[in-house]
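Hello,

Please find the structure below. My notes on what was found in it follow.

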Amino acid sequence: SSLASHKKPLLKSIPLVHSIFNLPRSIYPSGLRSSRLVHFDVVTSLRTPEGGEAWAFILDEWSTRLDSRLPTPAPHTKIFLVVTDVGSWRDVLSAELECSSTWRWDAQLRGRRKEETEEMRQDEMRLLEDFTTCSSLSRSVGGHSTTPTASIKSANLEESHQRPESVPLGSKQMLTPAQNRLIIRDDTSSVGQYIGDYIAKRINDFKPTAEKPFVLGLPTGSSPIPTYKHLIKLVKDGKLSFKHVVTFNMDEYVGLPEDHPESYHTFMFREFFSHIDIPPSQVNILNGNAKDLIGECNAYEAKIKSYGGIEIFLGGIGEDGHIAFNEPGSSLSSRTRIKTLAYDTILANARFFGNDISKVPRMALTVGVQTVLDSREVIVVVTGQRKALALSKAIEEGINHLWTLSALQLHPWALIVVDEDATAELHVKTVKYFKSIERVQDEVEAMHAQFRENGGKDITGGQDA
Amino acid sequence: MSADNGLICFTNCLLPLEDGSLVEQDLWIDERRGVILDAQRTFFLRKERPTKIIDLGGNVLSPGLMDIQINGAYGFDFSVYDGDEEAYRQGLKTVAEKIVETGVTSLVPTIITQEKSLYPTILNLLRPYQANNSATLLGWHAEGPFIQLAKRGAHAPEYLQPAPAGFQTFEEIYGAENLIDKEDWLMTEDGQEKAVGVRIITAAPEVDGVKRGLEEAVKRGVVFSIGHSIASTDIATAAVVSGARLITHLFNAMPQLHHRDPSIIGLLGASPYVPVPNAKSPTTSTFPTGADALARSPSTGSLFAKKMASGAGSEAFDELVTPPQTPTLEAVDSDLKLKKGAVSHMPFERPFYEMIVDGIHSHPNSVRLAYSAFPEGCILITDAMKILDPHLRDGAHEWRDGKRFIKEGDKLYLEGTNTLAGSVVTLDKCVRNFTRFTGCSLGEALKCATYNPAKCLGVENKKGTLRAGADADLVVLDRKGYVQSTWVKGREVWKRAEAELSLKI
């Protein structure tokens, strides 16, 4: 049955269903979003500002049917239905709702239609705001309401700290077009300058405070050094402050003393932290000398989650395409864990340990591929000819666990900044394409900025870059 | 802004490292404890970073300079004691407070040969002294009375004496309580009455009993220095093997460098294969040492006995009786060193040597020769007289006994003569001169005025370096080597006044 016409109520007597609207998965507010499955018969309970109740159902491909055991919601309870892909669910939903006698479908099914009017869009925006306000309020009150039904469960609501309202849905900052960008610059120092300026702008636009810090993921290695130098310069010039920035580093060797000249603690302090104004308590680096290494990894993940996730994860890439220490063969959904180092890596590192292989650490703690992809934005810096092959495999070929950086293709908001040398293995076509759209991207971003400034709310990742 | 946590970060500065290089690096100190911090440990373990940041504008931030031979300053003479303890203490205090303007934050007051009854008192008064606003007095340096008459310089001849009972004579003269083997004072708390500090004794090893005395003194932690001596090469080498660590003002008050009997100056060129007893060395040599050597070689000081007999005159023109044969190291049946590069690492170590680098006490060429021969042992000193005062203008000044002296730059003459009356150079001026005389970098010159003296005295963990845990005694120099400010225990105790910025003192 076609639901094309939105003037006809679909079902009788559902006083409550408010709206169904289309959101990309990645922008679910925390607590309702996860990489796992959410079932239609799971109701998430929320509170409205007025103290009333609201429910939310999320549909995705594993949702089955509306659980008829659910109690009838009280009048005026707002209900939100969130679907990922309206098209495929229209039929199912309509069938379900039609069959159910306890619900009256009052509102209209909306999707992305060409005739969408401004008014409809405004409505939609408003509803979205309601939705997110309720959900975030619920979070801040500390969880679920007291609806007694057994089946009200939240499969994916973790008892984590309140997510600070860092980027509420519908706010100006958050919703920029989902895009994967490749920026090409002439040399390593311009790459460093670009990324440094970009991060500085993001931090300054975010306006971090003590309650709402900016969470940044940081790498080690020679590639990010020009970026660090530029960030240090910005801090010294007074254009940037790290006072309310929290950092999480990607990795650290196991068994190496913290003050060893080759430990990543030493590297980060020497190259970055000693020169900027970040408070030491806001620096997080994995502890490779912990008694319980697995506990350390889990605690790290939990700490990231407690800050509400990472805003930007800056990373480099290895010659074998690895990100952090996720060497080829790592699972693309991996989390922070202990990793044994490949023989190649140990050989490459031997020069820092007096060319004595026996002194090189064999294990490291590293964030997983999925940990990086869970961040809201990922920036990868790739410079030098040695990384060219890895870059080409990650960009031009498929997602492959042998080139773990390729997992970036699934991320909605990735930025890769490269220098000319690193494009050596890319097809000329690819390079030309990215260079040309960089110019257009600026225009589109300007348009979105304008739209947001005029009070409009971006809800979709409309950009098809 | 978070509350002041007492940590200071010096940024935009050059730090001299212990190898003589200068690196652009920040330095963190704790001004409450007065120590230099390991910045990384403070960041990750203490989880703190300095709240106060001082931008030094590209200047050099060096450990405070250390002067291990200085006879007085600002009108106070360490060797003059007229019975008033309070006045003496006050004099010490004055010197310590004022000398910081020359960049010196640690010094070892030196006393010349005294009438013997005065020694125990004065040495007792020269206990280590450390106040928050002044340079540290590390202990004492006794020059004499066991020195050679022929090379006494300005020391009173009637008080010179040998040490017939060896170390016992030392104890009789200097006072046994001053030579007690006490735990290093730096590990005791400040102000402890019984603290025994750095002790340096300058004596001539050829004088009767001195060599025996020095062996015991070295065991007590005294730094033994060869000076005011005419020892032959053998005796000088034997003294070093017995534990002498230092040479007092090289080139001055010692024999000239004769190529067949290089004597004390020649110690800078001593072979690494000089046998050291109780050392596990694969090579042996019959390099003459020990009592036989003393008997075998021409009578000690014979070269000079002849010279003194013939009267005054430049030694260069004297026909000297030279030893019949230069001693050589006996060939040993093992492979010679095959790898090019650093000198063989053998147990024998050449001593440190002090130099007064005013261009007057030694010719600049001599300074460069010595430094080139043995850079790691070079220590800069002033050996300054009590008249030392950077603000003293040139011209005639009253001295004592109705005599006057004339000051001309760093030269000090007795009025009416051409006799040099002592040194009035400041240690920072020595550092600047040194860079010009030898062509070395500022970092290496600073090393000779900070790390090397500290290493010689064994206090390099607390003074003279930028190591974590060392006292935060620092001096800020501009890139021309002029002192801009001085810090003692983390506090600024002297700063160049704006008006004086252009003055080249």
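**Chain B overall**

Chain B has an accessible surface of about 22600 Å², and carbon and sulfur atoms hold 51% of this; such areas come from the Shrake-Rupley method with a 1.4 Å probe, and for residues only the protein chains shown count as cover.

This is a predicted model, in which local features need pLDDT of at least 70 and side-chain atom pairs count only at pLDDT 80 or more, while totals for chains, interfaces and linings use all residues. Residues are numbered from 1 along each chain as its sequence is written, chains are lettered from A and ligands numbered from 1 in the order in which they are written, and side-chain values use heavy atoms, with hydrogens and water left out.

Chain B has 505 residues, and 54% of them count as buried (under 20% relative accessible area; exposed is over 50%, partly exposed in between; 1.4 Å probe, protein chains only). Its secondary structure comes to twelve helices and 24 strands (DSSP runs numbered from the N terminus: helices are H or I with at least four residues, strands E with at least two). Of the contacts in chain B with a separation of 6 or more, 68% are between residues 24 or more positions apart (contact means heavy atoms within 4.5 Å).

**Strand β14 of chain B**

Strand β14(B) covers residues 198-203; six of its six residues are buried, so the strand is largely enclosed by the rest of the structure. In a regular strand the side chains alternate between the two faces of the sheet. Here Val198(B), Ile200(B) and Thr202(B) point one way, and Arg199(B), Ile201(B) and Ala203(B) the other.

Strand β13(B), residues 139-143, runs parallel to β14(B) and is joined to it by five bridges (two strands pair if DSSP finds at least two bridges between them). Glu143(B) has Thr202(B) as its bridge partner in β14(B). Strand β15(B), residues 223-226, is also parallel to β14(B), with four bridges between them. Phe224(B) in β15(B) stands opposite Ile201(B). From β14(B) the chain passes through helix α5(B), residues 210-219, to β15(B) in a right-handed β-α-β crossover (with the strands pointing away from the viewer, the path from the first strand over the helix to the second runs clockwise).

**A residue in chain A**

Thr227(A) is in helix α4(A), residues 225-236. Thr227(A) counts as buried, at 0% relative accessibility. Leaving out residues up to four places away in sequence, Thr227(A) touches Gly192(A), Ile195(A), Gly196(A) and Leu314(A).

Regards
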